[in-house]
Amino acid sequence: MKVSIQEGCIGCGLCAGSCPKVFRMGADGTAEVVAPVPDIKEDDVYIAAQNCPVQVITIEEE
């Protein structure tokens with residue numbers, strides 16, 4: 001699984017709060033991906049993407 005955050009993040013922090021092993025809030029106040037998605041965290045990443053209020057989290061299956 002490959003995850004990315006597209007332009008338009010509003011910095012709500014939901015993704016970083018729900019999956020801090022993969023997402024964090026950057027210095028500019030928007031979310032960023034900080035690590036590859038571990039298999040055991042895939043469900044958390046799907047939840048973060050589904051709950052993103054601006055739908056900017058993209059998931060690609062490898």
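Reply: Start with "buried", which means under 20% relative accessible area. By that cut-off, 26% of the 62 residues of the protein chain count as buried. Keep in mind that this is a predicted model.

Me: Why is Ala49 called buried?

Reply: Its relative accessibility is 11%. The cut-off for buried is under 20%, so Ala49 counts as buried. Ala49 sits in helix 2.

Me: What does Ala49 touch, leaving aside its neighbours within four places in sequence?

Reply: Ala49 is in contact with Gln55, Ile57 and Ile59. A contact here means heavy atoms within 4.5 Å. Val3 is 46 residues from Ala49 in sequence, and their C-alpha atoms are 9.3 Å apart in space.

Me: Is Gln55 buried or exposed, and how do you know?

Reply: The value for Gln55 is 54% relative accessibility. Exposed means over 50%, so Gln55 counts as exposed. Gln55 belongs to the loop between helix 2 and strand 4, residues 57-60.

Me: Why is Lys2 called partly exposed?

Reply: Lys2 has a relative accessible area of 45%. Buried is under 20% and exposed is over 50%, with partly exposed in between. So 45% makes Lys2 partly exposed.

Me: Where does Lys2 lie, and what does it touch beyond four places in sequence?

Reply: Lys2 is in strand 1, residues 2-5. Its contacts are Thr58, Ile59, Glu60 and Glu62. Take Glu60: it is 58 residues from Lys2 along the chain, yet the two C-alpha atoms are separated by 5.0 Å.

Me: What makes Thr30 partly exposed?

Reply: A relative accessible area of 24%. Buried would need under 20%, and exposed over 50%. Thr30, at 24%, is therefore partly exposed. Its place is the loop between strand 2 (23-25) and strand 3 (31-33).

Me: Which residues does Thr30 contact, neighbours within four places aside?

Reply: Cys9, Gly11, Arg24 and Met25. Ile10 lies 20 residues from Thr30 along the chain, with 6.3 Å between the C-alpha atoms.

Me: In what order do the elements of the protein chain run?

Reply: From the N terminus on, the order is β-α-β-β-α-β. That gives two helices and four strands.

Me: What makes a set of residues a nonpolar core?

Reply: The members are buried nonpolar residues joined through side-chain atoms within 4.5 Å. The largest such core has 15 residues, and Val3, Cys15, Val22, Phe23, Val37, Val45 and Ile57 touch the most other members. Helix 1 (14-18) and helix 2 (42-51) each supply at least two residues. Helix 2 gives the largest share, three residues.

Me: What does Val37 touch, residues up to four places away not counted?

Reply: Met1, Val3, Val22, Glu42 and Val45.

Me: How many cavities of 30 Å³ or more are there?

Reply: The count comes to one. The largest cavity has a volume of about 80 Å³. Of its 14 lining residues, Cys9, Cys12, Cys15, Ala31 and Cys52 are the closest to its centre.

Me: How do the lining residues of the largest cavity divide into nonpolar, polar and charged?

Reply: Twelve are nonpolar, two are polar, and none is charged. Cys and Ala count as nonpolar.

Methods
Residues numbered from 1 in each chain as written. Predicted model: local features only at pLDDT ≥ 70, side-chain atom pairs only at ≥ 80, totals over all residues. Heavy atoms only, no water. Buried < 20%, exposed > 50% of the residue type's maximum accessible area, 1.4 Å probe, protein only. 1 Å grid on protein atoms, 1.4 Å probe; cavity = no way out; pocket = protein on both sides within 12 Å on 5 of 7 lines; lining within 4 Å. Points joined across faces, edges and corners; volume = space filled by probe spheres on them.
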